[in-house]
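Please look over the sequence and the model, then read the points below.

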Amino acid sequence: MKMITRRGTFLLVLVIAFLGGLGFLTYSLFTDGHNWVMKPYNSHIYYNGELIGAGKITDANGRSLAETVDGKREYNDSLTTRKATLHAVGDTKGFISTGVQNVYEAKLTGYNILTGIFSAANGNSNDMELTIDADVCDVAYKALSDYKAGCVGVVNYKTGDIVCMVSTPSFDVQNKPTDIDSNSYYEGVYINRLLTGLYTPGSTFKIVTSICAIENIPDIYERTFNCTGAYDPGKGTPIECNAYHGKLNFKDALAKSCNSAFAEIAIELGPEKLAKTAEQLGLTSNVTISGDIDSASGRFFLEKGDADDYVGWTGIGQGDTLLPPILMLRLAGAIANDGKIVSYNLVNSFASKAGKALDLDFTRRETQLISTDTASKMKEMLRYNVEEQYGDYNYKGLNLCAKSGTAQIDSKDSHNTAWFVGFMDDDKNPYAFVVVVEHGNSGSQTAGPIANKVLQALVNK
């Protein structure tokens with residue numbers, strides 16, 4: 001009798017273990033099945049480690065950016081377009097981790113839990129239309145091609161749709177260079193610099209310091225600042241300015257990008273308030289695009305007790321702060337959109353070969369990043385920058401609001417990182433933009449003209 005009881009108990013344990021394992025396997029199939037399928041050795045959708053069994057990817061105007069033809073992945077006929085859209089579309093080996101071919105590879109193949117990759121194996125994968133305009137991306141790529149590296153991003157700040165996403169250096173995904181891993185020209189080529197490049201923001205960070213001042217110094221607009229070419233914090237390194245500006249008010253200090261004035265403002269605000277503002281503006285977090293593509297997070301190093309000179313340098317964007325350009329793009333869009341940010345999107349639509357719309361589980365959200373009053377004041381100041389400093393004649397018809405930045409990396413001007421960030425204050429063309437050029441020298445002289453070319457191409461199509 002005891003023997004039967006032991007055997008019964010043993011069998012019961014085996015049954016429980018079996019059911020537990022079956023349950024775990026079923027759970028894993030539902031949660032990780034797409035990862036099991038999307039392996040380079042799966043010959044149904046890969047060939048020599050490259051994805052082939054995926055649907056067609058087009059831009060917002062229906063231009064084909066990638067599709068499978070006769071068992072081979074083919075890209076746009078234009079070499080410029082292939083290079084310009086590389087980082088948005090991605091490569092077939094997944095080296096560009098933020099490209100849609102990598103992020104949505106299972107969805108593009110038509111994988112589902114019931115039929116697996118049966119659809120892809122039979123030529124019935126799913127198609128995707130992106131929000132980018134390939135023609136505008138072409139213009140951005142050509143404008144960047146004279147420089148070592150950089151990026152351009154343009155977003156509709158009302159809808160969150162990204163219309164331009166270009167990163168350089170790039171390469172022809174259809175004819176991959178044999179020396180891509182050894183030629184210094186291609187250094188960082190798999191990085192989408194708009195999303196994951198980390199840069200010293202330079203004077204574009206004065207937008208952040210301005211917002212902090214507007215919200216924490218009640219009489220900031222009545223203040224005057226005396227620039228003698230540098231600001232001496234009393235201890236530590238004097239903060240050098242780019243000119244001798246003399247007496248300035250707050251608006252002119254931003255328009256002339258006066259380091260002396262903004263170092264003084266930053267030190268008065270103190271490290272805690274600046275750090276709090278940077279966090280509230282999302283500069284220490286990331287941006288998620290279409291629910292699945294994540295940017296890098298910003299890095300802001302400032303805390304209670306930091307020396308005044310370090311606070312001053314940080315306040316003018318020359319501290320240890322590092323930001324991916326898309327975070328400044330989001331901030332510019334918020335200022336343009338009455339303080340509100342909208343969820344960013346790169347995927348316009350997704351459908352089966354038969355045209356049936358498919359759900360990407362992407363929920364659009366709107367969040368108040370800064371107050372409407374602060375956004376209005378910053379919009380006025382950024383518009384004043386263009387009118388008084390950069391010149392409306394350089395940006396004809398754009399009604400531009402912007403801030404340039406020239407982030408000093410070392411003692412050589414040629415090594416500076418050039419920035420230009422802002423937006424069009426135009427209900428018919430609600431576009432925010434960011435341009436970053438590595439080794440670009442001056443922000444207004446290098447990045448500014450690139451922004452103009454791209455925006456003119458966008459609004460005059």
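Which residues lie nearest the centre of the largest pocket? They are Ser-203, Asn-242, Ser-257, Asn-259 and Thr-406, among the 26 residues that line this pocket. The model is a predicted one.

**The largest pocket**
- The space in the largest pocket comes to about 600 Å³.
- Helix 15, strand 18 and helix 16 (443–459) are the elements that give two or more residues to the lining.
- Strand 18 gives the most to this lining, with four residues.

- Five strands form an open sheet in the order 8-7-20-19-18, and their pairing is antiparallel.
- Strand 8 (162–168) and strand 18 (400–407) are the edge strands, each of which pairs on one side only.
- On average, neighbouring strands of this sheet are turned by 5° against each other, direction ignored.
- Helix 15 (residues 372–390) lies across strand 18 and strand 19 (417–424), and runs at about 75° to strand 18.

**Pairing between strands**
- Strand 7 (residues 149–156) and strand 20 (residues 431–438) run antiparallel and are joined by eight bridges.
- Val-154 has Phe-433 in strand 20 as its bridge partner.
- Strand 19 pairs with strand 20 over six bridges in the antiparallel sense, and Trp-419 stands opposite Val-436 in strand 20.
- A hairpin of six residues links strand 19 to strand 20.
- Eight bridges pair strand 18 with strand 19, again in the antiparallel sense, and Ser-404 stands opposite Phe-420 in strand 19.

**Strand 19 and its two faces**
- In a regular strand, side chains alternate between the two faces of the sheet.
- From strand 19, Thr-417, Trp-419, Val-421 and Phe-423 point one way, while Ala-418, Phe-420, Gly-422 and Met-424 point the other way.
- Strand 19 is mostly covered, with eight of its eight residues buried.

**Cysteines**
- A disulfide is a covalent bond between the sulfur atoms of two cysteines.
- How many disulfides does a search of the whole structure find? The search finds zero.
- Cys-258 counts as buried because its relative accessibility is 0%.
- Cys-401 is buried, with a relative accessible area of 0%.

Technical notes. Residues numbered from 1 in each chain as written. Predicted model: local features only at pLDDT ≥ 70, side-chain atom pairs only at ≥ 80, totals over all residues. Heavy atoms only, no water. Pairing = 2+ DSSP bridges. Axes fitted to C-alpha atoms, helices over the stretch in contact; angles between N-to-C directions. Contact = heavy atoms within 4.5 Å. Disulfide = S-S within 2.5 Å. Buried < 20%, exposed > 50% of the residue type's maximum accessible area, 1.4 Å probe, protein only. 1 Å grid on protein atoms, 1.4 Å probe; cavity = no way out; pocket = protein on both sides within 12 Å on 5 of 7 lines; lining within 4 Å. Points joined across faces, edges and corners; volume = space filled by probe spheres on them.
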